[in-house]
Amino acid sequence: MRKGGAVDVDAMIEDLRTLVEVESPSRDVAALAASAKAVAGVIERRLGGHAVLVESEAGPHVHWSGGGEPKVLLLGHHDTVFPLGTLERRPFTVRDGRVTGPGVFDMLGGIVQAVHGLATLPDRSGVEILMTADEEVGSRTSRALLEERALACGAVLVLEGAADGGGLKTGRKGCGAFQVNIAGRASHAGLEPAAGVNALVEAAHQVLDIAAFGRPEAGTTVTPTVAAAGTQENVVPAEATVVVDVRVETAEEQERVESAFAALVPHLPGARITVEGAITRPPMPESAAAGLFAEARRLLPGIEARSVGGGSDGNFTAALGIPTLDGLGAVGGGAHADHEYVVIEAMAERAQLVAGLVATLQHA
């Protein structure tokens, strides 16, 4: 594998400790401001230059450039799904060949590996790093910025955690959520049940209709996940909501599912339905990663390609036609869970893989 020099794993672990111990839950702007400063500090200490904090209502995004003509964007996020206080219950720990702690795998480990990989290269020109503050909650404030920098650079390496077994993520489903709001009419459940319009019964009809939108043979899953209705046991429910998770592999399926939600109609006379939401992350086709994955396999023979159901900011860049390779972050598992971990033995190899890909793209 092409690399510029040795990677200090102990130093990587200490930088990872620094990031993990500054908790960074999504939507907590104060916590994310502290996290952004910590990320910027690691970048500047290892790579030099100045990391710019791009303020947003979601919290600061961190952007660094090695100067020169942009050639490659290293893309990730520093927000995590864990609330403040998780660190006290589950502190940063190094034991039995693993690092554990909130956010180590998704995706603070990927940030640290990429920075240390770049540090081995004598030339960092053409390289940009962007770590956003709101990926876990939809990238609403960062999408325009990350798309702008991806278009300027022309290639994107996404530092999300690796697929099972250390594979790279060469395809991702498009994903989004819909909320179906049902309005009925309240009445006394004992005295005048027929005078009401039961929003809960209407919701039950809608759940069955919506579940039928799925086409597993086409890679499309439509999964009702959250429902709410009613106020009291003796009141016909006047309102109900149903939240639905949607995953699609193709733009055609995205259009079909969105049209199906728009066409929902009530079953009960007097019930009314409104639908909110959309598929907000477009599918990431495997074609977007083909060239970069071939180079990764040249650098690290035997590494596998995986198509996965979860989304990332790579969905946005791939949808623009920009070569995008995902899953270049930490090898481990347990994303969003208490058993989240990073495999220490793989950290240097992943850092060197990122460095090798960057060096290739710099001279393309």
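A nonpolar core is a set of buried Ala, Val, Leu, Ile, Met, Phe, Trp, Tyr and Cys residues joined through side-chain atoms within 4.5 Å, where buried means under 20% relative accessible area with a 1.4 Å probe and protein chains only. The model is predicted, so local features need pLDDT of at least 70 and side-chain atom pairs count only at pLDDT 80 or more, while totals for chains, interfaces and linings use all residues. Residues are numbered from 1 along each chain as its sequence is written, and side-chain values use heavy atoms, leaving out hydrogens and water.

**Cores**
- The largest nonpolar core has 63 residues, of which Leu74, Ile129, Leu157, Leu325, Leu328, Leu353 and Val358 touch the most other members.
- The largest share of this core, ten residues, comes from α10, one of the helices (DSSP runs of H or I, at least four residues, numbered from the N terminus).
- Beyond its neighbours within four places in sequence, Val358 is in contact (heavy atoms within 4.5 Å) with Val72, Leu74, Leu118, Leu121, Val127 and Leu157.
- Another core, of 19 residues, lies apart from the largest one and includes Ile182, Phe213, Val222 and Val244.

**Largest pocket**
- A pocket is an open set of points on a 1 Å grid over the protein atoms alone, where a 1.4 Å probe fits, with protein on both sides within 12 Å along at least five of seven lines, and its lining residues have an atom within 4 Å of a point.
- The largest pocket holds about 910 Å³ of space, and of its 38 lining residues, Glu135, Glu136, Cys175, Arg281 and Gly311 are the closest to its centre.

Technical notes: Buried means under 20% relative accessible area, exposed over 50%, partly exposed in between (1.4 Å probe, protein chains only). Helices (H or I, at least four residues) and strands (E, at least two) are DSSP runs, numbered from the N terminus. Grid points are joined across faces, edges and corners, and a volume is the space filled by probe spheres set on the points.
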